[in-house]
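Please look through the following structure slowly, with the report beside it. Each heading takes up one topic.

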Amino acid sequence: MAKNTSLYFRIIEGRNLPAKDVSGTSDPYCIVKVDNEVVARTATIWRNLNPFWGEEYTLHLPMGFHNLSFFVMDEDTIGYDDVIGKISLNKEYIAAHLRGIDNWINLTRINPDEEIQGEIHLGLEILQDQHTKALRCQLIEARDLAPRDISGTSDPFARLVFNNKTTETATIKKTRFPHWNEVFEFELEDGLLTEGMMFTVEVWDWDMVGKNDFLGKSVEAAGPTRRTTLPEASRAYDVDHAPTECLNWAEEMNPLTMLEEVTTVESRQDVAVTLVKIFLGQGLVVPFLDYLNMREVNKTTDPNTLFRSNSLASKAMEQFMKLVGMPYLHEVLRQVINRIFDEKKYIELDPCKIDLNKTRRISFKGSLSEAGVRECSQELLKSYLTDVMDAIVGSVEQCPSVMRVAFKQLHKRVEDQFPEGDNEDVKYLAISGFLFLRFFAPAILTPKLFSLRDHHADTRTGRTLLLLAKAVQSIGNLGLQLGHGKEQWMTPLHPFILQSVSCVKDFLDKLIDVDNEVTEFQQRVVFHPSVTIKEGYLHKRKAEGVNLVTRFTFKKRYFWLNSETLSYAKTPDWQVRSSIPVQRICAVERVDENAFQQLHMMQIITQDNEGQLHIMYIQCKNVNELNQWLSAIRKASICNERMLPSFHPGSYRSNRWTCCLHTDRTVRGCSRTHSAVTLGDWSDPLDPDVETQTVYKQLLQGREKLKQKYLEPLDAETVMDQEGRIHGVGIEEAGADKRRSFQDRRMSAAARLLDVVQELERAHQAFEQREKVVQANEMVAP
């Protein structure tokens, strides 16, 4: 049974949010939690009660998760951020909607008593001799408790309740991992039945001023030593997979066309990126895309509808460009996008939207007239558009070879299907439709979604990007739709757009002027061991800076990660690098905020040849960057043999661990390690087991549909043939031969499919075996 669930979700927008600021608005953003672990954060939309985020995530849920929660927060520059509301989806609700959820969901208020996390370790037993009978409780420790104080910790104590009697433990200051190890006994009256009596442990955060904060409780019957959650966890959700039955296909059917048939529009994108990653990993992405494109082109009769639908071919090409071409996109667009964000110019061409009060910054002579605003906006927009087009048409050599070959083959397929004449531009439109309309233009419109910026644009900059994206789309359409739309106020840009069309055609001709032979290395460019999976600046804590002020112990370093090493240096161009072999990594975990009084920190635990553990502490600039690095390093090291089952989320300072307060530096970790709560990213390394599992699940979900369409008609046909023979109905020899020939072809297709299904079964078994190893690593020893 599969223990890992891949979940794709989009945080699109909110509406009618309550105002939390004195200005009558809010500054909303969302955080995403799996149980109580923050895994993602959207950008903040300033001064808006109807925010649009439009952010997408792929999340690999861990074994035994309980809830996926979305918290809408109001960002405050002073003090704590306000909680606007939350949405909580439990695993049963998610499992009941296998086809996905796409609707508005009302926010609910936050009940602090329900925001519970952590576990408590205790032992219960009945003691009895000739004279007395008592319930003995050994309260050992708790871990992963919720932080309730400004320091990011709590001051926990436990309250024990049994048989109308109450007692309390000592308070452990400033920790989320209290270690009490206290023993309590509750005397039982003679003749009192203990069967069915419940024992309650409540955990509270002690506060000097005001009421104590509730941290959770556990209700237990008398029994052996155990470790239980607060509240007690239900069993992990398992996805059962019934054996796949062999289906008979008609001759024209094959696994790829079958996948497109059983996938919905919502799931097609996930399937497309999965297939692209699988074929990239095998070095076969070019023939894979060529096959899909050939099918799409051959069944298209009207060139105006080519690749206009969300077919598997369209989605595969779109995801292929993201997976392979993202560094290329950054190199082409980053400079002009940064310039637009920095300048914050007011640009508007639509007369209905021009606000003369916003034009004072444009001219030192005061507010411009409407005509002056349009003229100034046109010049600014042409300047930005010139920079964009110059960067694009001059980027032929920067474009990855595998993309160029894929476009070349697409060009040939379209040219063969629609020969020159009236359809001369179709071969260019097929390529520009992907490269401009589905790649460059969306990245200009929302740079954050393509990692070009850390935050969404403000209203003014967003309008500039929208106008620029519209112009780039028109150029990508080769100017064929100019003058036919409602936006006639774009007319002043038409001469520039038409002038750019010839440059675009010349650019596309040069782009596909490439050798057809693409090496296997070039096709595996994203996943080859020597290729960087993730890189960027991080802050590394100096190991020798224990006695320094905290802010001086962190030094900015540039990090590179590939499937073999994690290395870092002072700058990207620095010649000397320090490296850590990925195979030595045995845990990658978050660090408590109170460990160094710093946010967004992680630790990388490695083991040397002598078995000695070493910890590297790293600080990221935000929670999304933290999760992306956690995900990338965990995936790169997931197959390591010596992964740790537990770790210390704190640091060892002042001769003790800040988390559990143990003084022994080598003591076993007080919190279990994680391996599955990871965010998917375009640069993630290939995970064949997980990728194949996605395809396998799609096959299973469409099994009944395919049986009804292909298997049952074949069975009915066979029965009719047998009945005809029994009743002596004559069958012409030609017809019989034709039917047998058709049956032979269908059975041949079924045999080919059976081979594919068997491969998927083997991949599924490998996936289950690996998940058993992961489960063993995540289990906590008693």
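## Charges over rings

Over the ring of which residue does the charged end of Arg 41 sit? The charged end of Arg 41 sits over the ring of Tyr 29, at 3.6 Å from its centre, where sitting over a ring requires NZ of Lys or CZ of Arg to be within 6 Å of the ring centre and within 35 degrees of the ring normal. Arg 577 likewise lies over the face of Trp 560, 3.5 Å from the ring centre.

## How the model is described

This is a predicted model, in which local features need pLDDT of at least 70 and side-chain atom pairs count only at pLDDT 80 or more, while totals for chains, interfaces and linings use all residues. Residues are numbered from 1 along each chain as its sequence is written, and side-chain values use heavy atoms, with hydrogens and water left out.

## The protein as a whole

The protein has 16 helices and 26 strands, which are DSSP runs numbered from the N terminus (helices are H or I with at least four residues, strands are E with at least two). Of its 782 residues, 49% count as buried, a word that here means under 20% relative accessible area, with exposed over 50% and partly exposed in between (1.4 Å probe, protein chains only).

Among contacts (heavy atoms within 4.5 Å) between residues at least 6 apart in sequence, 67% join residues at least 24 apart.

## A helix and its packing

Helix H6, residues 370–393, has 24 residues and reaches 34 Å from its first C-alpha to its last, close to the 34 Å expected at 1.5 Å a residue; the expected span is 1.5 Å times one less than the number of residues. Its buried residues include Val 373, Leu 380, Tyr 384 and Ile 392, and the buried residues of H6 pack against helices H5 (312–343), H8 (426–445), H9 (459–476) and H10 (494–511).

## Two paired strands

Strand S12, residues 198–205, is mostly covered, since 7 of its 8 residues are buried. Strand S9 (residues 156–162) pairs with S12 in the antiparallel sense over 6 bridges, where pairing asks for at least two DSSP bridges between two strands. Within this pair, Val 161 stands opposite Thr 200 in S12.

## A buried serine

Ser 26 lies in the loop between strand S1 (5–13) and strand S2 (28–34), and Ser 26 counts as buried because its relative accessible area is 0%. Leaving aside neighbours within four places in sequence, Ser 26 is in contact with residues including Pro 18, Asp 21, Trp 46, Asp 74 and Ile 84.
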